[in-house]
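Here are my notes on a few residues worth a look. Please read them with the model open.

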Amino acid sequence: MNTIIDQQPQNGAPAFNFDSFTFGETPTDHMFVAAYRNGDWGAAGLKPFSNFSLSPFSLCFHYGQMVFEGMKAFRHVDGRISIFRPEKHFSRLNVSLERMCMPRLPWELFAGGLTGLLEADSGWMPEGRDDLAMYIRPFVIASQPKLGVKVSDEYMFAIVCTPIGEYYDKPLRVKVETEFVRSAQGGAGYAKCAGNYGAAFYPTSQAMKQGFDQIIWTDAINHEYLEEAGTMNIMLIAGDTLITPPLSNSILDGITRDSLLQIARDMNLSVEERPVSHQELRMLLEAGEQVELFGAGTAAIVSPISCIQINGVDYYPYAQGDAMMFRLKESLEGVRRGKSEDVHHWNYFID
């Protein structure tokens with residue numbers, strides 16, 4: 001595998017307003033691209049951000065072989081740049097690739113692409129900004145030009161970046177979804193593939209028309225057990241216990257989820273990974289228990305839910321500023337920005 005650098009890094013600060021921007025609209029200056037042909041990854045290189053040139057026959061446009069990851073890099077208080085838990089993202093990406101019959105990526109290609117891209121575009125990570133991070137999107141698509149229902153023989157791997165601040169600027173109003181499903185047992189719900197997100201748009205858009213920000217997915221058989229919070233894992237805190245549904249082949253193995261569970265254990269909270277029904281949640285709320293409910297994901301980190309509708313009735317979980325979920329978030333952010341000791345060795349420094 002040969003690596004080609006088409007343009008030398010330019011580390012100067014870009015002409016970009018970091019104080020006012022919309023997430024996901026502005027790419028950084030470079031991207032990393034590699035091609036898979038004849039059974040091997042090659043022609044890998046860093047190049048200026050630009051459009052792809054693909055045949056309309058490319059299999060990614062027709063049969064859904066597309067997977068991706070969502071990661072973050074942070075500027076630490078000492079000025080160094082680290083990627084948060086890239087090994088776990090790498091492992092999950094390869095799990096997704098296997099599920100979609102796509103070739104695995106070698107660690108050297110994945111890590112080398114991340115490091116080279118962040119070194120080249122380090123100017124997009126200003127120092128002294130605790131409100132900013134770099135969102136990293138690695139993805140793989142089937143690029144073979146052939147109409148026909150088949151597994152592709154050719155693929156493109158790319159990594160692109162964009163700055164990110166606060167993903168949600170207010171607590172969420174959600175509803176428990178009991179008609180549509182995100183994924184069923186035996187499906188591809190545990191894979192971070194494009195089809196999972198495309199299929200979720202319609203029920204989510206219908207909920208938004210009713211005044212909700214997101215929906216809480218339930219199991220495909222009985223619509224009884226909570227599974228995910230929109231595009232995030234779902235978590236709740238009752239008393240001194242953090243509870244979240246167990247991983248399955250219909251639930252994504254979230255890196256933020258895993259990190260928060262570990263931090264909760266470090267803080268001597270009880271942790272339960274078990275099925276949680278919306279009826280159990282309803283009974284806790286009706287009994288006047290202080291229940292915190294939130295989504296956990298890479299982009300949003302911790303997204304508090306201030307209102308949840310269950311079977312047409314609104315309930316109001318605890319979402320005040322002293323909630324335990326914000327302490328968990330603060331602890332996680334402290335590690336990711338170099339303000340707290342990284343006892344679990346989650347930070348991967350690029351230099």
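1. Asn 347 is buried, because its relative accessibility is 13% and the cut-off for buried is under 20%. Bear in mind that this is a predicted model. Asn 347 sits in strand β18, which covers residues 347–349.

2. What does the side chain of Asn 347 make a polar contact with? The partner is the side chain of Ser 82, at 3.4 Å. A polar atom of the Asn 347 side chain also lies 2.9 Å from the backbone oxygen of Val 335.

3. Setting aside neighbours within four places in sequence, Asn 347 is in contact with His 76, Ser 82, Ile 83, Phe 84, Val 335, Arg 336 and Asp 342. Ser 82 provides a side chain for the polar contact, whereas Val 335 provides a backbone oxygen.

4. Check the backbone at Arg 85. Phi is near 50 degrees there, a positive value in a residue that is not glycine. Arg 85 lies in the loop between β6 (81–84) and α2 (86–99). Is Arg 85 buried or exposed? Arg 85 is buried, because its relative accessible area is 11% and buried means under 20%.

5. Asn 311 also deserves a check. Its phi is near 55 degrees, again positive in a non-glycine residue. Asn 311 is in the loop between β16 (301–310) and β17 (313–315). Asn 311 counts as exposed, because its relative accessibility is 53% and the cut-off for exposed is over 50%.

Note on methods
Residues numbered from 1 in each chain as written. Predicted model: local features only at pLDDT ≥ 70, side-chain atom pairs only at ≥ 80, totals over all residues. Heavy atoms only, no water. Helix = DSSP H or I, 4+ residues; strand = E, 2+ residues; numbered from the N terminus. Buried < 20%, exposed > 50% of the residue type's maximum accessible area, 1.4 Å probe, protein only. Polar contact = N/O pair within 3.5 Å; in protein donor to acceptor, adjacent residues only side chain to side chain. Contact = heavy atoms within 4.5 Å.
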